[in-house]
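Student: I have a model open and would like to go through it with you. Could we begin with the terms and then move to particular elements?

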Amino acid sequence: MSSAISYAANDSTPSMERGTYRMRRALNSRSQFQSLQFSKRRTKTDGRFYNLRPSCLSLLVALLALASMSSFAIAYYLFSSRWATRALGQRPIADLFQDVSLDTRPGDSLYDPNETFLSYLPHSGFHNQRIAFENALVLARIMNRTLLVPPIFLGSQPIHYSSFDALHDVLTLSNKVGLLHCSRISPLVPLPLECTDYAHQTQISWNWLLDLTRIQQNQRLHQRWNFSESWLYENLHLSKSDISFIKDSAPYQYRFLDTRNDASPATHKYSESIYISDLVEIPHRLIQLGSLFGSSRLRLKDPSNVLIRGDIREDMYFTNPLLLNVARSIVTSLASLGSSFLGIHLRLGDGDFRANSQTLIQTAWRQVLDTLNYTHEEFFAEKMVLPAGLDRSINSRPRQRSSYKKPLMCRYLHRKPSHLKLNTPIFISTDVDPGHSVFLEFHRTFPCVFFLYDFPADTAPLDELRSAVDGVNMKQVVLPFLDALILSHAYTFIGTANSTFSTYIQDVLWRKQHNLKIVLRG
C-alpha cells in the first residue's frame, strides 16, 4: 500500500478513496503535508476523474460571492429608494392636477412698482378657509388690489386660530421648506424625526379644486406659498415700510363695512368696525390682514359690492375633474336602485355636535319621515321598522373593500304598500364611523342607507392621489369634497344646523346642481 494510502487510514477527516468512506485526522507535520500535496489526489473510476477538494471550495466561494452580491443589492436598493419616488409635481394619474400657479403676473417682466396687494392669514378647517378666501376676493376686488392667495391647508392637524403674530409664525413654519425629502422616503425605511408629522397636513392650490378663470378675468391674483417676510421682499420687491399691518387679537375682532352711514347692529359678534373706504386710502403697497373667516365678516350695502360678492360666490363650486367623475359614478350607482336618493350630512364628531349627537340624529330622522310624508304617529302606529332579526346584524355589516364594482343592494325592502317610500335610497355623509350605534334608528327604519365606504370601487381612482405641492397622499382629505358633490345631486338635502359644511352644500353646491340661484349671506 502506498504511503499516501497508509497515512489516510489514520486520518480523522472524511475521505473517499476507491469508493470507500474513511476518517482522516488533521495533518500534523510538514512532511505529511508535503507528502499529501505532491501525491496523486485523483482516482480513476469508470474512466472519469474527480477533483473533490477544489470543487467543494469552488462551491463555497460561489455561495459566499452570491450572498455578498445579494446583500449589496439589498443595501443599495434600500439606500437608493430612500429618496427615489415620483418627483414632486409629477402627475400620478393623467390630468390629475391643474397648474398650481394662480399668477396673472408671472415674472419680473411684468413687475409694476406701483402694484398694490392685499393678504390675509388662513386658519382652521377647509370651509372656514373657503369663507375667508371668498371674503378676501371680495375685498381685493372692491379695493382694486392684487390678492395674495394662500394655499388650502388640509389634514388631520388643522392650523387653529391664534392672535396675529402667533398665527403668522405658525403659517411661516408650515411651508415644508427643506422637508420635501420626507415624501420620497421608502416605506421600508424608518422616518427621520423631522418627517414624523409630514403626512398629517398637505397643501393644494385653490384652482385645483375650483375654476377661478372667470374671477381672474376680473381681478389680479398671485399665489403665495410662503408666509415669511423675506418672500415678500424677494418676490414682490417690498420693503418693510411698504407693509401696513392690521393685526387682530381675537377671531371676531374686525368687521368691514362699505357704507359710511351704516353701522353694525348692537347684537353682532365683532368688536370693531373698519370702513372699506378707509382701507382704500392706505398708501402702503401691501395691506396685511389677520383672520377673514366669518360669513358676516363683510357687511355690504352698496348694490355694486353685493353684486361682486354674488359673482364670486357663484364660482365657489368644486370643479376638479377627478372628483366630479367619481361623484357621478356613485350617483349612478344610487340611481340604479330605481329612484332619486335623499342626502343627509350629519356632523357628530367634535365639540357641541358630538355632545348633541343623539338630538341631531333624531332631528334628521324626523326630517326624513317628514320628507317622505309620514307623520310620527303614523310611523309608530304602523310599526315601520325592519323585520325581526335584521337589527342584530346592522352594525356588523362588513365593509366592502374590493376594488371590483358590485351592484348596489339594500339590506332588505319593505313590502307593505304603505311602507314602500321607506325604501328610498339615502346617502349619509358624516365625520364619525358609519358603524356607530347612533345610526341604529336609521338602519331600523330605512333599508337603503349608504355611506361613502360602501363604494370602494368608485373611490379607487383616489388611492394614489398626491399633492403636487408636497407629495402627500390626499385621498382621505378629499373625501369630504366627494361627499359634498354626491349630496349636491340628492333630490332633497338635510344638513346639520350651524355646520359650515352643510351651509355650503345648501347655499351653493345643491342649488347650483339644481339650477337655482345661490344663497348670499352676510
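Tutor: Two strands pair if DSSP finds at least two bridges between them. Helices (H or I, at least four residues) and strands (E, at least two) are DSSP runs, numbered from the N terminus. This is a predicted model, in which local features need pLDDT of at least 70, side-chain atom pairs count only at pLDDT 80 or more, and totals for chains, interfaces and linings use all residues. Residues are numbered from 1 along each chain as its sequence is written, and side-chain values use heavy atoms, with hydrogens and water left out.

Student: Which residue stands opposite Phe-256 in E14?

Tutor: Phe-256 stands opposite Leu-298. Leu-257 faces Arg-299 in E14.

Student: How many bridges join E11 to E14?

Tutor: Two bridges join strand E11 (residues 254-257) to E14, and these strands run parallel.

Student: And how many bridges between E11 and E12?

Tutor: Four bridges pair E11 with E12, again in the parallel sense. Tyr-254 is opposite Glu-272 in E12.

Student: What is the strand order in that open sheet?

Tutor: The order is E12-E11-E14, three strands with parallel pairing. Strand E12 (272-275) and strand E14 (298-299) stand at the edges with a single partner strand each, so one side of each has no neighbour in the sheet.

Student: What holds strands of a sheet together in general?

Tutor: Strands of a sheet pair through backbone hydrogen bonds, either parallel or antiparallel.

Student: Are the faces of E11 covered or open?

Tutor: Both faces of E11 are covered. Tyr-254 and Phe-256 on one side, and Arg-255 and Leu-257 on the other, are all buried. Buried means under 20% relative accessible area, exposed means over 50%, and partly exposed lies in between (1.4 Å probe, protein chains only).

Student: Changing topic: why is E16 described as largely enclosed?

Tutor: Five of the five residues of strand E16 (residues 426-430) are buried, so the rest of the structure largely encloses this strand. Ile-426, Ile-428 and Thr-430 point one way, while Phe-427 and Ser-429 point the other way.

Student: How many bridges pair E15 with E16?

Tutor: Strand E15 (residues 342-346) pairs with E16 over five bridges in the parallel sense. His-345 of that pairing is opposite Ser-429 in E16.

Student: What about E16 and E17?

Tutor: E16 and strand E17 (residues 449-450) are also parallel, with two bridges. Ile-426 has Val-449 in E17 as its bridge partner.

Student: What span should H17 have?

Tutor: At 1.5 Å a residue, the 13 residues of helix H17 (residues 475-487) should span 18 Å, and the end C-alpha atoms are 18 Å apart, which agrees. The expected span of a helix is 1.5 Å times one less than its number of residues.

Student: Where is Ser-333, and is it buried or exposed?

Tutor: Ser-333 is found in helix H11 (residues 321-335) and is buried, with a relative accessible area of 10%. Leaving aside neighbours within four places in sequence, Ser-333 is in contact (heavy atoms within 4.5 Å) with Lys-405, Leu-408, Phe-455 and Asp-458.

Student: What is the phi of Asn-144?

Tutor: Asn-144 has a positive phi of about 55 degrees although this residue is not a glycine. Asn-144 is in the loop between helix H4 (126-143) and strand E6 (146-149) and counts as exposed at 53% relative accessibility.

Student: And Asn-515?

Tutor: The phi of Asn-515 is near 55 degrees, a positive value in a residue other than glycine. Asn-515 is in the segment after helix H18 (500-513) and counts as exposed at 70% relative accessibility.

Student: Which residues form the nonpolar surface patch?

Tutor: Leu-57, Leu-60 and Leu-64 form the patch, with about 300 Å² of accessible area together. Leu-57 lies in helix H3 (residues 52-81) and is exposed, with a relative accessible area of 54%. Patches are made of residues with over 30% relative accessible area and no salt bridge, with like charges joined within 9 Å and nonpolar side chains (Val, Leu, Ile, Met, Phe, Trp, Tyr) within 5 Å. A salt bridge is a side-chain nitrogen of Lys or Arg within 4 Å of a carboxyl oxygen of Asp or Glu. Accessible areas come from the Shrake-Rupley method with a 1.4 Å probe, and for residues only the protein chains shown count as cover.

Student: Finally, how many helices and strands does the protein chain have?

Tutor: The secondary structure comes to 18 helices and 18 strands. Of the 522 residues of the protein chain, 45% count as buried.
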